[in-house]
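Here is a short note for your review. Please read it with the coordinates open.

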Amino acid sequence: MVSVSMASRRTRHSGELSKLQWLAVGVVAFLSIVNLSCGYFYSENPEPGSDRFCFCQLQGTIDDCSCNVDTVDYYNNVKIYPRLRSILVKDFFRYYKVNLAKECPFWVDDSKCAMRFCHVEHCEEKDIPPGLKGDVSSYQKYIKEVQTLTNCNEDLDVELGFLNTSISDKAHKEFKKWADYDEAQDNFCILDDHEPGAEYVDLLLNPERYTGYRGESARRIWSSIYLENCFQSHSVRRKNPYSAMIPYNDMIQNEVCLEHRVFYRMVSGLHSSINIHLCANYLLSEKSSMGFVSPTGVWGTNLDEFERRFSPHTTDNEGSHWLRNLYFAYLVELRALAKVAPYLSSEEYFTGQDKEDKELKFAVKDLLSVIETFPSHFNESVMFSGGTSSIKLKNEFREKFMNISKIMDCVGCDKCRLWGKLQVQGMGTALKILFSGKFDDKIDSSYAAKLKEDSMFRLKRSEIVALFNAFGRLSTSIHELEEFRQRMR
């Protein structure tokens, strides 16, 4: 800015500057502004209160991927986020069936969140779309197909005698248990939508936001996830009171392998995403502007909370790494959607409401076509490619993530538990798509429609709903980061 004022004084004394001189002055002024803004958001040795956030480090290539932050920002905020936002309000994706009544399998914890905003609003039966209430199980469909085939007895050779193809209901139930067990071997998370106690929840009535759930119970969840389920074997120093995240530089210095790094970065990215949602939708007050208790509460952005969770001086300079892990998790789930796109394009998204179902199917195909054109997808083929040892590593990877999904039943806030279970299940579905081997062959959507009837190539409705909503949460987090940038400026 000094260069600009000096140039102005010279103009008054020596006449008009040449175009080249003006260009040089403009460049100097621009660099001054850039340096000033970066100094505001980040400094090498930040003093408490001197910076709002380390956005200047949130740039460049995303580790373990082949694209950069700017590419993801543009692609998400301009192309993907608006499409996802319009899709996730549709009935097929807004109603999620989940069991929130399960007990914590690891410890006794009666520290339930007592705040009224922790409560989950359940659906009334009349509000649930008819197509979701009348789902037919896979084994019933199988019985119908078998009966259709065995009714064609016109060419039966009577000399061979009659073949009794009847199977008891008890046997069919056992077959279903076997099929479910075989399918579960590829799952990375618990699916509890079929269990007693599972109910439909309207996600639009229960948005993810900060409800006031905090303290030892909340910290215990993340501590258990990181310290008992990640692969890290070295000692962990936790300087940040708001997080149990492992210092990223520790992983680099200890030469952690790609598979272990991916696991940690996925969990860390999920954690960062959840923290961003809580800061963007924070309970600012239980009272209205008139001073009365508000039935809905007053919600909004909390920049101070955002700084406490991510700025350099409160995270030992780890905050930018955690946010880069958000981008990494986003790219992994983006790749899963691209890989399973032929199957998802052949889905009917049935709710029993013909017009909306057709519109949604078209909208999903449009979103998937955009996702497939992304230039730098995550390459999952470089993982678990070392023979027998890789099989063992993959099984351990799957078991640890399965364990994290069980920990979600220990969350004391019902609304937090709802969104935790949904996002972990969505991420687990993405990992299943990438690493189960069932979706590795490249096929078109017409062939996928034929294969979809085979349970081996079918995702359950709860998995599809969780996959899209979990990716929607990551997409929303990246979009909200831009909102935080603008507010801080």
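1. A caveat comes first. This is a predicted model.

2. Start with the helix packing. Helix 10 (residues 258–280) packs against helix 16 (residues 388–407) at an angle of about 15°. Their axes are 11 Å apart. Angles under 35 degrees count as roughly parallel, so helix 10 is roughly parallel to helix 16. The crossing is right-handed.

3. Which residues make the contact? Helix 10 contributes Glu259, His260, Val262, Phe263 and Val267. Helix 16 contributes Leu393, Phe397, Lys400, Phe401 and Ile404. By class, that contact has seven nonpolar, one polar and two charged residues.

4. Now the rings. The whole structure holds 20 aromatic pairs. One of them is Phe263 with Phe397: the ring centres are 5.0 Å apart and the planes lie at 90°, so the pair is edge-to-face. Phe263 sits in helix 10 and Phe397 in helix 16, so this pair ties together parts 134 residues apart in sequence.

5. Phe435 belongs to helix 17 (residues 414–435), and the two partners are 38 residues apart. Phe435 counts as buried, at 7% relative accessibility.

6. Take the rings together. Ring pairs join Phe188, Phe263, Phe384, Phe397, Phe401 and Phe435 into a cluster. Among them, Phe263, Phe397 and Phe401 also take part in the contact between helix 10 and helix 16.

Terms used: Residues are numbered from 1 along each chain as its sequence is written. This is a predicted model: local features need pLDDT of at least 70, side-chain atom pairs count only at pLDDT 80 or more; totals for chains, interfaces and linings use all residues. Side-chain values use heavy atoms; hydrogens and water are left out. Axes are lines fitted to C-alpha atoms, for helices over the stretch in contact, and angles run from 0 to 180 degrees between N-to-C directions. Helices (H or I, at least four residues) and strands (E, at least two) are DSSP runs, numbered from the N terminus. Angles under 35 degrees count as roughly parallel, over 145 as roughly antiparallel, 65 to 115 as roughly perpendicular and the rest as oblique. A crossing is left-handed if the near helix is turned anticlockwise from the far one by less than a right angle, and right-handed if clockwise. Contact means heavy atoms within 4.5 Å. Ala, Val, Leu, Ile, Met, Phe, Trp, Tyr, Cys and Pro count as nonpolar, Asp, Glu, Lys and Arg as charged, and the others, Gly among them, as polar. Rings of Phe, Tyr and Trp (its six-membered ring) pair if their centres lie within 6.5 Å; planes under 30 degrees apart count as stacked, over 60 as edge-to-face and the rest as tilted. Buried means under 20% relative accessible area, exposed over 50%, partly exposed in between (1.4 Å probe, protein chains only).
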